[in-house]
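Have the model open alongside.

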Amino acid sequence: MAGEKTGPTAVVPFRQFVLKVHSRCNLACTYCYIYAGPDRSWRARPPTVPAATMRQTALRIAEHARTHRLREVRIDLHGGEPLLTGPGPLLAQAAAVRAALPVGCTAEFGVQTNGTLLTRDMIDTLAAAGFRLGLSLDGGTPGLNRRRIDHAGRPSWPAVSRAVRLLHDRPEVFAGILCTIDITAGPAEVYDSLRALDPPMVDFLLPHANWTSPPPAPLGPAGRTPYGDWLCTAFDLWWDGGPGPRVRVFTEILGLLLGRPSSSEAVGLSPVVALVVDTDGAIEQVDSLKSTYEGAAATGLDVFHHTFDDALAHPGMAARRSGRDGLGAQCRGCALVEVCGGGNYAHRYRADPGGFRNPSVYCADLERLIRHIAARLDATVALN
């Protein structure tokens, strides 16, 4: 699995395949790093993935599963907004993968959507095909989602709130909510509003930023940790609040403190097991790298001419899979390195010097959060 222990020369295969089925989006979120960021490669790609690319991608996934004797793979259909295609291409991609996989290997399918196009019929159709659906939201109220607008500046909340209600009635389909932190919104308001939607999982995401393109909230002067403070408050609400959703960043850090491996790129040192296939068949690294500079996610590989083992050997992939050895000296010498892992790879970037061999731009915030969670965990253990 994503966090398996490996030796220094072990090859950890890809197990998660993020397949782009639509390269455009019907929203124009003000903080979007894909369409408003430095990488504009999406402009030259087909809006929808061609059927031939779907089939070839399925064959490459099957080839990788066969080579590495995988028992299961995860397929996430993304965009842009994947539901702009309607359910047909999503079902076709799933059918192509299932038909190609070797005997004994199963696939888990998910769709990450902004929710604006979801209908009851669409949920029923995707559920029948074994899909789970995740929503991207900034909170559970209209005001908290004010940055999530369409291209005419209209709010997305009316449509999204309908999607939330529909998914609430189908808990077996609802995968959870991804929430990018807005430092101007109070953590109690955000967490309580999301908890009221009763999702099975919430993941709080730090805004994609780096040393060259800093976060929205200034991190200086020294000792100021606005994102760490925000997350600490949210953690206390979650820790003390009784039954609620699993909050991934918190459970990942707790697991790491208890000696378990990570399954997230946000923290920990476990090797990356995900790659992206775009609508033109290009094999790419994770989208978060597109927040750094033009072409940062590119590998020069594609599913028609290259295998996913070729992608394993790509220098960019290898750098993100090298654990402690891929970190700069400051991170390697840090007492929290096994838990922090240097943070999200994209957040370490500085145009000059060091590239990605820098601490995370959120280094102080991550330290604040990890030490806070460790203290709360220690106090709870002491009481028991």
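Predicted model: local features only at pLDDT ≥ 70, side-chain atom pairs only at ≥ 80, totals over all residues.

Q: What makes both faces of strand 1 count as covered?
A: Gln16, Val18 and Lys20 on one side and Phe17 and Leu19 on the other are all buried, where buried means under 20% relative accessible area, exposed over 50% and partly exposed in between (1.4 Å probe, protein chains only). Residues are numbered from 1 along each chain as its sequence is written, and side-chain values use heavy atoms, with hydrogens and water left out.

Q: How do you know that strand 1 and strand 2 pair?
A: Pairing takes at least two bridges found by DSSP between the strands, and strand 1 has 5 with strand 2 (residues 72-78), in the parallel sense. One of the residues to look at is Leu19, whose bridge partner in strand 2 is Leu77. The strands themselves are DSSP runs (E, at least two residues), as are the helices (H or I, at least four), numbered from the N terminus.

Q: Why is helix 5 called oblique to helix 6?
A: Helix 5 (residues 187-196) and helix 6 (residues 226-240) pack at about 40°, with axes 9 Å apart. That makes helix 5 oblique to helix 6, since under 35 degrees would be roughly parallel, over 145 roughly antiparallel and 65 to 115 roughly perpendicular, with the rest oblique. The axes are lines fitted to C-alpha atoms, for helices over the stretch in contact, and the angles run from 0 to 180 degrees between N-to-C directions.

Q: Which residues make the contact between helix 5 and helix 6?
A: Helix 5 brings Pro187, Ala188, Val190 and Tyr191, and helix 6 brings Trp230, Thr233, Ala234, Leu237 and Trp238; contact means heavy atoms within 4.5 Å. They split into 8 nonpolar, 1 polar and no charged.

Q: What makes helix 6 and helix 7 roughly perpendicular?
A: Their axes cross at roughly 85° and come within 10 Å, helix 7 being residues 248-257. Helix 6 and helix 7 are therefore roughly perpendicular to each other. Leu231, Ala234, Phe235, Trp238 and Trp239 of helix 6 meet Phe250, Thr251 and Leu254 of helix 7.

Q: Why is Arg69 called exposed?
A: Arg69 has 71% relative accessibility, so it counts as exposed. Arg69 sits in the loop between helix 1 (51-67) and strand 2.

Q: Where are cis peptide bonds found?
A: One runs from Gly79 to Gly80, with omega near 20°, and another from Asp352 to Pro353, with omega near 0°. Gly80 is in the loop between strand 2 and helix 2 (87-100), while Pro353 is in the loop between helix 11 (337-340) and helix 12 (363-383).

Q: Is Thr113 buried or exposed?
A: Buried, with a relative accessible area of 2%. Thr113 belongs to strand 3 (residues 106-113).

Methods. Nonpolar A, V, L, I, M, F, W, Y, C, P; charged D, E, K, R; others polar.
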